[in-house]
Amino acid sequence: MPINQYGVGVGAETEKKEADFTDSIMDLLSIGRATLTKAKRQGWPVYPQFLYLDMNAGTGMLDLQDGRRVPGSPIRFLEAARAVGIACAPIFVEIKKKAFVELERNLLLASARAKADEDLLPLHRLINADSADVLRELMANPPARKPYGLIYCDPNGCEVPFEDLARFSQMPIFERVDILVYVAGGAFKRVATVHDRPRLLEYLSTIRKRHWAVRQERGPDQWTFLFGTNWPALPRKFRRRLLIHDASTDTGQTILHRVNTPRREMML
Ligand SMILES: C[S@@+](CC[C@H](N)C(=O)[O-])C[C@H]1O[C@@H](n2cnc3c(N)ncnc32)[C@H](O)[C@@H]1O
């Protein structure tokens, strides 16, 4: 995937990734809002805000290969949260200084646009750091009550901090925080074959989530979303059922096999 001047990967699959992210996040936030409302009504002891950590925030706006500009994941999350009206405390983390400065600028512009429409984007935090450190910080200082939420990981290649995500998923306080990862199956296959590293599904199995959903892979590099949750019904609640499949179904299993298995083995 080509990397732009800010160090953000933008390729042929990016526009579809962003559209699928918006749809999925709208579903998850709508369900999250309904759950938080019910929890409040019933007096369940849950954290009152949806926890959201974007571990690879990028620049906030993306220049596509054909010259069009589209919002990236931070702006998409904020607009979805505003539309759904959920109480949330999103954190956006970007490691590269140049990309971070651009992210700050684009979020200020997005906030100003919302204000001009007499609306407000949810309050959020921007952090210029390694997001694995931010996740460790969260694990060291967990909230007093179990939050509902989502950790989103969208690196340029295969740099998913699986060890930290595995530790996070093992903490009972975070058992209701789902994990969404966007990766290229093809890149994992190359690294596994050339450097004798574990395969994508071996890494994924280290994350303790009882249920997974997988988006139909796209493009020659087999870009896919993997969504892990402990709530059995959730993988079937995505509105884009034709695209996002419960990993326990035949279709889900077939997609997982395709994104995990090197081509020479597929042909045997
Ligand atoms: C594919 S881009 C993210 C795009 C963004 N999610 C969007 O949809 O607009 C990946 C970004 O992750 C950043 N990144 C890579 N490793 C990181 C880390 N350890 N912590 C925080 N950001 C990181 C890169 O600098 C790059 O900007």
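**Note on the predicted model and its ligand shell**

1. The protein chain has nine helices and 10 strands, and what is described here is a predicted model. The C-alpha atoms of the protein chain fill a box of roughly 60 × 45 × 35 Å along the principal axes. The radius of gyration is 18 Å, which agrees with the value near 18 Å that a compact globule of 268 residues would have.

2. On the chain as a whole, buried residues make up 39% of the 268 residues. Of the contacts with a separation of 6 or more, 74% are accounted for by residues 24 or more positions apart.

3. Turning to the ligand, there are 22 residues around it, and those that come nearest are Asn-56, Gly-58, Gly-72, Ser-73 and Ile-95. By residue class, the shell around the ligand divides into eight nonpolar, eight polar and six charged residues. Strand S4 (88–94) supplies at least two residues of this shell, and helix H4 (131–140) likewise supplies at least two.

4. Ser-73, one of the residues that come nearest to the ligand, has its place in helix H2 (residues 73–84). Ser-73 counts as buried because it has 22 C-beta neighbours inside 10 Å, the cut-off for a buried residue being 20 or more. Leaving out residues up to four places away in sequence, Ser-73 touches Phe-21, Asp-54, Ala-57, Gly-58, Tyr-152 and Asp-154, and among these Gly-58 is itself one of the residues nearest the ligand. The C-alpha atoms of Ser-73 and Ala-19 are separated by 9.8 Å, although the two residues are 54 apart along the chain.

5. Ser-131 lies in helix H4, a helix that supplies at least two residues of the ligand shell. With 24 other C-beta atoms within 10 Å, Ser-131 is buried. When residues up to four places away in sequence are not counted, Ser-131 touches Met-55, Asn-56, Val-93 and Ile-95, of which Asn-56 and Ile-95 are among the residues that come nearest to the ligand. Ser-131 and Asn-141, by contrast, are 10 residues apart in sequence and 15 Å apart in space, taken from C-alpha to C-alpha.

6. The largest nonpolar core has 64 residues, and those with the most contacts inside it are Phe-50, Tyr-52, Ile-151 and Val-181. Strand S7 (residues 177–184) gives the largest share of this core, namely seven residues. Val-181 is in contact with Cys-153, Val-160 and Leu-226, once its neighbours within four places in sequence are left aside. As general background, nonpolar side chains tend to be buried together in soluble globular proteins.

7. In helix H5 (residues 162–169), the buried residues are Asp-164, Leu-165 and Phe-168. Seen down the axis of H5, these buried residues fall within an arc of 100°, so they line one face of the helix. What covers the buried residues of H5 includes H4, strand S6 (149–153) and S7.

8. Helix H6 (residues 185–195) has Gly-185, Phe-188 and Lys-189 as its buried residues. They cover an arc of only 100° around the axis, which puts them on the same side of H6. The face turned away from that buried side carries the exposed residues Val-194 and His-195. The elements covering the buried residues of H6 include S7, helix H7 (200–204), S9 and helix H8 (250–260), and S7 is also included in what covers the buried residues of H5.

9. Some backbone angles deserve a look, given that most residues other than glycine have a negative phi. Glu-118, in the loop between helix H3 (97–116) and strand S5 (125–128), has a positive phi near 55°. Glu-118 counts as exposed because it has 6 C-beta neighbours inside 10 Å, where the cut-off for an exposed residue is 12 or fewer. Gln-222 likewise has a positive phi near 55°, and it lies in the loop between strand S8 (211–215) and strand S9 (223–229). Gln-222, however, counts as buried, with 21 C-beta neighbours inside 10 Å. Just after H6, Asp-196 takes a positive phi of about 55°.

Methods
Residues are numbered from 1 along each chain as its sequence is written. This is a predicted model: local features need pLDDT of at least 70, side-chain atom pairs count only at pLDDT 80 or more; totals for chains, interfaces and linings use all residues. A residue is near a molecule or strand if its C-beta atom, placed from the backbone, lies within 6 Å of it. Helices (H or I, at least four residues) and strands (E, at least two) are DSSP runs, numbered from the N terminus. Ala, Val, Leu, Ile, Met, Phe, Trp, Tyr, Cys and Pro count as nonpolar, Asp, Glu, Lys and Arg as charged, and the others, Gly among them, as polar. Two residues are in contact if their C-beta atoms, placed from the backbone, lie within 7 Å. A nonpolar core is a set of buried Ala, Val, Leu, Ile, Met, Phe, Trp, Tyr and Cys residues joined through C-beta atoms within 7 Å. The arc is that of the directions from the helix axis to the C-beta atoms. The radius of gyration is taken over C-alpha atoms; the globule rule is 2.2 Å times the number of residues to the power 0.38.
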